[in-house]
Amino acid sequence: MRRRLIALAILAAGPAQARPASDPVPDEVPAASAADPAGVAPAPLFEPAPTAPAAPPLRDPARAAPHAGDPGDASDDIGDQAISAQVGLAAGGRVTPGGLRLTGHYLYQLSERDWFDGAASFTFGSGAGACFRDRQDDVICRHGLTDGGGIEVVASIRHMLPPRGAFRPFARAGLGFGLARFSGDDLSGFTVPLHGGVGLRVTISSAIAIVAEADLALGVGSFGRGLGAQPQLGFAVGAGAEFRLR
Amino acid sequence: MRSAIIAIGALLAGCQHSDVSREVGARCNSAGDCNERCLIPSTGYPNGFCTIACDTRDACPSDTTCAEREGGICLFTCTSDPDCAFLGAGWRCKATDLHGSGTKGLVCAGA
């Protein structure tokens with residue numbers, strides 16, 4: 001009898017506790033009626049052990065948007081759409097611009113954990129000249145980490161990872177198209193970098209969150225002044241505020 | 001993974017290499033092509049030559065010395081003509097007064 005009670009207790013508590021946070025669970029549905037589609041609960045065959053109360057239903061944090069009014073969901077409420085503004089530093093070098101970077105994001109939910117992340121970034125670095133012609137008359141550029149400027153649009157996917165305490169980590173990958181400019185050398189180019197990054201999101205109210213992320217860009221650019229195709233390699237960190245739209 | 005990172009680093013580092021720089025040695029037509037000063041193309045400086053002003057040898061980068069030309073400029077040191085071949089046609093290894101020392105030294109200069 002004791003072993004049977006233990007088994008019943010595990011059955012009652014186990015599914016709710018073992019369910020990963022990503023599994024969709026109907027909200028606000030009592031445990032008894034969820035198992036009773038007809039809405040008429042049969043008479044209990046026995047009384048469950050008092051030490052094994054039914055666990056409250058879990059909510060998928062990524063699906064909490066429609067319940068923004070519930071303060072209990074605020075920590076994970078991204079919303080169907082959001083915008084964010086970030087400020088940070090970008091490190092480039094050679095013909096990759098670096099310096100102060102301002103970025104705006106538009107997020108649109110695609111699935112339970114994935115958001116389309118469209119971003120536009122502006123990089124403001126030093127205008128110092130760093131290109132020269134070697135003795136073979138080839139143009140060589142040795143810009144520093146924070147030289148040059150640029151504008152770039154990036155289309156990427158943000159994948160939200162399971163929460164860790166108050167933090168909601170995410171990973172991001174995408175493709176960008178940009179223009180780079182090194183005014184001190186009168187050098188311009190078109191760039192196509194691949195982006196990969198990670199970040200953390202912390203909700204501070206039902207509609208506002210703080211986001212910090214790091215981004216690595218690797219790609220190729222086509223430049224004037226006879227430089228032609230050049231590799232692009234950059235790293236950036238930034239932080240800002242994210243605002244839920246819907 | 002580690003070898004891939006090393007390979008990418010080597011690729012990026014190997015894309016551009018030069019013995020000269022905007023400071024000393026690059027070709028130029030105007031001062032804007034250099035960090036400081038352009039010795040415009042002439043028989044003395046074929047294809048132009050970026051350099052910096054100096055008072056002593058210590059003011060010049062490695063492999064260069066302060067020659068008594070143009071009021072004191074950094075030029076590459078040499079021991080024979082082939083040492084100056086990397087600068088292109090017209091450059092020779094010549095004995096020149098060294099600025100501020102009263103001695104002569106061998107530097108790369110135009111014919």
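Mentor: Let's take the features one at a time.

Trainee: What should I know before I start?

Mentor: This is a predicted model: local features need pLDDT of at least 70, side-chain atom pairs count only at pLDDT 80 or more, and totals for chains, interfaces and linings use all residues. Residues are numbered from 1 along each chain as its sequence is written, while chains are lettered from A and ligands numbered from 1 in the order in which they are written.

Trainee: What pLDDT does chain A average?

Mentor: pLDDT is the predictor's confidence in each residue, from 0 to 100. Chain A averages 78, and 69% of its residues score at least 70. Over residues 1-75 of chain A, though, the pLDDT is below 50.

Trainee: How many helices and strands does chain A have?

Mentor: Helices (H or I, at least four residues) and strands (E, at least two) are DSSP runs, numbered from the N terminus. Chain A has two helices and 10 strands, and along the sequence the pattern reads α-α-β-β-β-β-β-β-β-β-β-β.

Trainee: Which strands form the closed barrel?

Mentor: Strands pair if DSSP finds at least two bridges between them. In chain A, eight strands close a barrel in the order β1-β2-β3-β6-β7-β8-β9-β10, with antiparallel pairing. For example, strand β8 (residues 187-203) and strand β9 (residues 208-223) of chain A are joined by 15 bridges, and A:R201 stands opposite A:V211 in β9(A).

Trainee: And in chain B, how do β5 and β6 pair?

Mentor: Strand β5 (residues 91-97) of chain B pairs with β6(B) in the antiparallel sense, over seven bridges. Those two strands form a hairpin with six residues between them, and B:D97 stands opposite B:K104 in β6(B). In the turn, B:G100 has a positive phi of about 80°.

Trainee: Which residues other than glycine have a positive phi?

Mentor: Most residues other than glycine have a negative phi. Here, A:R225 has a positive phi near 60°, and B:E70 has one of about 50°. A:R225 is in the loop between β9 and β10 of chain A, whereas B:E70 is in the loop between β3 and β4 of chain B.

Trainee: Is B:E70 buried, exposed or partly exposed, and why?

Mentor: Count C-beta atoms, placed from the backbone: a residue is buried if 20 or more others lie within 10 Å of its own, exposed if 12 or fewer, and partly exposed in between. B:E70 is partly exposed because it has 14 other C-beta atoms within 10 Å. A:R225 has 15 such neighbours inside 10 Å, so that residue counts as partly exposed.

Trainee: Which residues have the most contacts inside the largest nonpolar core?

Mentor: In soluble globular proteins, nonpolar side chains tend to be buried together. A nonpolar core is a set of buried Ala, Val, Leu, Ile, Met, Phe, Trp, Tyr and Cys residues joined through C-beta atoms within 7 Å. The largest one has 36 residues, and B:C50, B:C74, B:L75, B:V107 and B:C108 have the most contacts inside it. Strands of chain A and chain B supply residues to this core, including β7 (168-182) of chain A and β6 (104-110) of chain B, each with at least two.

Trainee: How many residues does each chain bring to the contact between them?

Mentor: Two residues are in contact if their C-beta atoms, placed from the backbone, lie within 7 Å. Chain B brings 14 residues and chain A brings nine.
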